[in-house]
Amino acid sequence: TKANPVKLFFTGDGYLAEHFKYGGLFDKDINEAIEALFEIEPYKSYREYFTVYKIAAYSSETGITNLAENDVKNTRFRLQWEGGRSTSLSLPDSGESVFALCKTIEGVSDNDFKRSSVAVISNADVYAGTCWSWGDGKNISLITYSRDSQNGMTKFANVVRHEMGGHGFGMLGDEY
């Protein structure tokens with residue numbers, strides 16, 4: 001509701017056409033990701049300064065590619081998981097297909113990505129998340145929807161906050 005809002009983009013990978021009905025699986029997962037981000041500070045207090053976009057991305061198969069098991073899935077963005085205990089995710093085209101989809105929204109340009117964040121929520125129940133960041137401010141958070149709980153919160157909510165909120169938008173590094 002404020003002038004010049006920050007744009008946040010949420011899309012998915014591994015969702016079939018049937019998942020995109022109102023209230024369907026895609027809506028459920030993306031809405032959960034959006035609410036997870038805005039449940040914590042500083043996002044909670046500044047929510048009115050953001051415009052959030054949900055963008056449908058149809059895939060031919062559910063899930064994501066598991067490189068460790070050579071299980072290749074035909075999905076919109078071809079999201080890949082290293083498999084096993086790895087939490088690393090990657091996109092074969094360096095995210096260009098994700099940015100191109102976001103630019104189908106009227107008025108969105110390459111310049112917008114330097115001051116925003118993009119999340120790709122994958123339809124895969126594994127614990128994984130990676131944020132790709134570029135020097136000019138562009139970023140894409142790749143997140144799976146793991147529903148396991150940890151300390152009373154789902155891993156999914158925590159990964160959204162960590163990857164998109166911390167690394168992507170906040171430009172924060174890890175502290176291990």
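Residues are numbered from 1 along each chain as its sequence is written, and side-chain values rest on heavy atoms, with hydrogens and water left out. Because the model is predicted, local features need pLDDT of at least 70 and side-chain atom pairs count only at pLDDT 80 or more, while totals for chains, interfaces and linings use all residues.

Strands of a sheet pair through backbone hydrogen bonds, either parallel or antiparallel.

Strand β8 (residues 139-144) has six of its six residues buried, where buried means under 20% relative accessible area, exposed over 50% and partly exposed in between, with a 1.4 Å probe and protein chains only. The covering concerns both faces, with N139, S141 and I143 on one side and I140, L142 and T144 on the other. Strand β6 (residues 117-122) runs parallel to β8 and is joined to it by five bridges; A119 stands opposite S141, and V118 stands opposite I140. Strand β7 (residues 129-133) pairs with β8 in the antiparallel sense, also over five bridges, and W132 has I140 as its bridge partner there. The hairpin formed by β7 and β8 has five residues between the strands, and G137 in the turn has a positive phi of about 105°.

**Helices and a buried loop residue**

In the loop between β1 (6-13) and α1 (25-38) sits F20, which counts as buried because its relative accessibility is 18%. Not counting residues up to four places away in sequence, F20 touches Y15, F26, A56, A57 and Y58, contact meaning heavy atoms within 4.5 Å. By contrast, F20 and K44 are 24 residues apart in sequence and 27 Å apart in space, C-alpha to C-alpha.

**Two pockets**

On a 1 Å grid over the protein atoms alone, a pocket is an open set of points where a 1.4 Å probe fits, with protein on both sides within 12 Å along at least five of seven lines, and lining residues have an atom within 4 Å of a point. Grid points are joined across faces, edges and corners, and a volume is the space filled by probe spheres set on the points.

| Pocket | Volume | Lining |
|---|---|---|
| Largest pocket | About 230 Å³ | four nonpolar, six polar, three charged |
| Second largest pocket | About 170 Å³ | two nonpolar, four polar, three charged |

In this division Ala, Val, Leu, Ile, Met, Phe, Trp, Tyr, Cys and Pro count as nonpolar, Asp, Glu, Lys and Arg as charged, and the others, Gly among them, as polar. The largest pocket, of about 230 Å³, is lined by 13 residues, of which Y127, N158, V159, H162 and E163 are the closest to its centre. Helix α3 (residues 155-169) gives the most to this lining, with six residues. The second largest pocket is lined by R161, H162, G166, H167, L172, G173, D174, E175 and Y176.

Notes
Helices (H or I, at least four residues) and strands (E, at least two) are DSSP runs, numbered from the N terminus. Two strands pair if DSSP finds at least two bridges between them.
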